[in-house]
Amino acid sequence: LLSGRETVGSSNMEDDVSLKFRQQLLLIDENLVTEDVTALKFLCTDLLTSKKLESVKSAVDIFELLMAEEYLNEKDTFLLAELLYRIKCHSLLKKLGYTKEKVQEYLHEKGRVSPYRQMLYELSENITNEMLKDIIFLLQNCIPKRRITLSALELLVLLEKQGLLTENNVQMLEEVCMNVSPDLLETVNCYKRAKVCIFPSFEVLWSDCKHTGGKVLFPFLFSVLIYLSVSIDLHLPNVQIHTGLTKRHLASLILSLSALSISAPGGERSASQGIFVKMTSYKMDGPHRGFCLVINNVNFDGSLQQRKGSCKDAGELERVFTWLGLDVRTYTDLTSREIKELMQTWQCLQDHKDRDCFICCILSHGESGAIYGKDEELVSIRMIMSHFTAKQCPQLAEKPKLFFIQACQGKEIQCPVYVEADARIPDLLSMQQSVSPSESIPEEADFLLGMATIDGYVSFRHIQQGAWYIQALCSKLQLLVPRGEDILSILTEVNEDVGRRVDRLGTKKQMPQPAYTLRRKFIFPVPRDPPPS
């Protein structure tokens, strides 16, 4: 009898767990839109049959199929967590007891979405409407006329169904991307490089490396690193690696690579490094570098104080970015409406197409997540940046867009006479909702937002020498661009510089904060002329 009671109690507990789990799945389903369901279907293509996926109408349908195939249950929800992570629905991970960081930690041992499927999905996310039109035009002989209107994902699925695109044959994809976008091509090339898991013999690889005098040193080293990460650290299921690389070979290889790196002629070594930089950096060799806007609000219509010293900052920015090859346009004392209209004007500019990048610097008073126009009306930083997304400004698609904001993001502090704060009165500011820089950035690649201060705090400006942040930014650009440093390294140096500064009484400090969705290194080409100051 006791055993029977225990069985009934256990059954009820399991039912409760199962019910709670299904309730979690329903909550997740309610938060997913049609595009998310389409993405989930695509990512599950290698796990579920096409016939089963064709009947899917909602996320719940996918969950049911995954449970039926024992990919998903209340005790193991990682596959669903991985799928949500892949489609960037990070806020839903907590419903499964995961965080973005926790999923990243376990991906290497528990991930089920193949690198091939990841690569195709990443491509679809980066294909703009203009690119898609070009791709469809190039492939019009492969696409039935009734299917001319396709999304990027639908196009990739169609190519797979026709056998023109497979895990081991991405040649057509390469040719199309080569014509449409170098960045898309790089995504395919990354997949191909990472696929080097079945090695030829060590002797063949090493022979090629020596025969070319080190020109294939970096690709070779990259292949070895992949071997190490897959075979030693990751222990991926269902992956077999056939190689002649023994421990003895590996030790010999490391010593030989070091010797080759030292003994190779300087020109050859720099050529290899040049290839490496090209693979990881934004293209910055176009006919024109780009436009740089400087909005300098000094005088205001109401209670906000005049921003003395700001004209020095604006002049310094103009000199430095002109030196870096940008076409600088400065605007002074704009109202909130004029700022919005200016963004709309530059958003529609066709000349961006021939430019490498876009930069916008705004100097004004501010509050959390916003800056003031001359009329003392707030303008959202996110709204300003959203004018330049790939959808709103296709001419700047896949190009880096940098925004630097010199403005307070919190309460005013009583300052010495020589140091002022770019903020308004504390009573109004204390009522503002906190907005972090990452929330101000559009949820799209290729943006950088450099804030003079972290959210909730003031930024300081010397009434004669200019703002701490802008002066440090200009100084570090002039010092580190000639050394080939990328923008994030430069901004780290700016943080260190500003973080060391204090007012003349030694009581007030400031810390800048960059936020970014850059996909590559952003490196300014070294100007021919010496720095302006």
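Visitor: In which order do the three strands of the open sheet lie, and with what pairing?

Guide: As a general idea, strands of a sheet pair through backbone hydrogen bonds, in either a parallel or an antiparallel sense. In this predicted model, the open sheet has the order E4-E5-E6, and its pairing is antiparallel. Strand E4 (366–367) and strand E6 (378–380) are the edge strands, each pairing on one side only.

Visitor: Over how many bridges do E5 and E6 pair?

Guide: Strand E5 (residues 370–372) is joined to E6 over three bridges, in the antiparallel sense. Within this part of the sheet, Ile371 stands opposite Val379 in E6.

Visitor: Which residues have the most contacts inside the largest nonpolar core?

Guide: In general, nonpolar side chains of soluble globular proteins tend to be buried together. Here the largest nonpolar core has 66 residues, and those with the most contacts inside it are Leu32, Leu84, Ile87, Met119 and Leu173. Helix H5 (residues 78–86) contributes the largest share, seven residues. Domain 1 (18–113) and domain 2 (118–196) each supply at least three residues to this core. A second, separate core has 38 residues, among them Leu317, Cys361, Trp468 and Val481.

Visitor: Which residues does Met119 touch, leaving aside those up to four places away in sequence?

Guide: With that exclusion, Met119 touches Val170, Leu173, Thr187, Val188 and Tyr191. Of these, Thr187 lies in helix H11 (residues 182–194).

Visitor: Why is Thr187 classed as buried?

Guide: Buried means under 20% relative accessible area. Thr187 is therefore buried, because its relative accessible area is 11%. Not counting residues up to four places away in sequence, Thr187 touches Met119, Glu122 and Leu123.

Definitions and conventions. Residues are numbered from 1 along each chain as its sequence is written. This is a predicted model: local features need pLDDT of at least 70, side-chain atom pairs count only at pLDDT 80 or more; totals for chains, interfaces and linings use all residues. Side-chain values use heavy atoms; hydrogens and water are left out. Two strands pair if DSSP finds at least two bridges between them. Helices (H or I, at least four residues) and strands (E, at least two) are DSSP runs, numbered from the N terminus. A nonpolar core is a set of buried Ala, Val, Leu, Ile, Met, Phe, Trp, Tyr and Cys residues joined through side-chain atoms within 4.5 Å. Buried means under 20% relative accessible area, exposed over 50%, partly exposed in between (1.4 Å probe, protein chains only). Domain bounds come from an automatic or database domain assignment. Contact means heavy atoms within 4.5 Å.
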